[in-house]
Every structure is written in structure tokens, then in C-alpha cells.
Amino acid sequence: MAVRESIKKGILADFLKKHRAEVKDVILTEYDQEAHIRNEKNESWQEGWEKGCRSVIRQVVLYHKGEGMSSEKIVEILQNHFRLNKEDAENCLRELDFEETQSGGENSDTDSV
């Protein structure tokens, strides 16, 4: 009931809609602040790690494309150096090609692959 009322009044509505089950669980069980902080740190670290990996992969792809390397060879490099399976490597390349098409080839180094 508290979650519904908060959403209705616009109090943290977006957050509560997205995390309704988690909020109810916290309300109904004993809140462990240390565990919560650990989980938040782990999620932040994981997010940072993934963003960093995407950035490195992006730079590798851009470098090899700039050298005129074929898409097939770039996929092989992604598989070998980043231990991606062929499908994931091809998806990275496709996403980057799509981003370049959408932006006219002027994406920043921080964009995802």
C-alpha cells in the first residue's frame, strides 16, 4: 500500500515502478545496510568494468577499421583477444557500424560498442 500511494503521489515514482519488488522485500524483511552497500558497490564496479571493456573494444575496432582490415578479420581479433564468441564479436561490430551510420562517424571514445 505504501508503494502504491507513493507512486500515486509522485514520490520516487520512477524508482518505485522500476524496483517495486525489491522495495517491498526490503520493507517486509529486516534491512541490512552493510549488505545493501556491498551490493551497490558490486553493481557500480561491474557497470564500470563493462563500460571500460566496451571502450577498449571500440578502440580496437576503430583502429583496425582505420587500417582497412576486413570485418571478418576484426571479428577474429575480438574473439581471440577478448574471448568473445563469434556471435558476440559480430554483434559488437554491427553495433559500432550502426552507431557510425547514425552519427556520421563522429562518436566519442566513451560510446558503447
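**A charged patch and a salt bridge**

A positive surface patch is formed by Arg4, Lys17, Arg20 and Lys24. This is a predicted model, in which local features need pLDDT of at least 70, side-chain atom pairs count only at pLDDT 80 or more, and totals for chains, interfaces and linings use all residues. Residues are numbered from 1 along each chain as its sequence is written, and side-chain values use heavy atoms, leaving out hydrogens and water.

Trainee: Is Arg20 buried, partly exposed or exposed?

Mentor: Buried means under 20% relative accessible area, exposed over 50%, and partly exposed in between (1.4 Å probe, protein chains only). Arg20 has 32% relative accessibility, so Arg20 counts as partly exposed.

Trainee: Which helix holds Arg20?

Mentor: Helices here are DSSP runs (H or I, at least four residues), numbered from the N terminus. The chain has 6 helices and 0 strands. Arg20 lies within residues 20-28, which form helix H3.

Trainee: Which side chain meets Glu76 in a salt bridge?

Mentor: A salt bridge needs a side-chain nitrogen of Lys or Arg within 4 Å of a carboxyl oxygen of Asp or Glu. By this rule the count is 1 salt bridge. At 3.7 Å, N to O, the partner of Glu76 is Lys73.

Trainee: What separates Glu76 and Lys73 along helix H5?

Mentor: Helix H5 covers residues 71-82. Because Glu76 and Lys73 are 3 residues apart in helix H5, their separation is about one helical turn.

Trainee: What percentage of the residues in the chain is buried?

Mentor: The chain has 113 residues. Among them, the buried share comes to 19%.

Definitions and conventions. Patch = residues over 30% accessible without salt bridge, like charges linked within 9 Å, V, L, I, M, F, W, Y side chains within 5 Å. Areas by Shrake-Rupley, 256 points an atom, 1.4 Å probe, with all protein chains shown as cover. Lys, Arg positive; Asp, Glu negative; His and termini not counted. Charge placed at Lys NZ, Arg CZ, Asp CG, Glu CD. Helix = DSSP H or I, 4+ residues; strand = E, 2+ residues; numbered from the N terminus.
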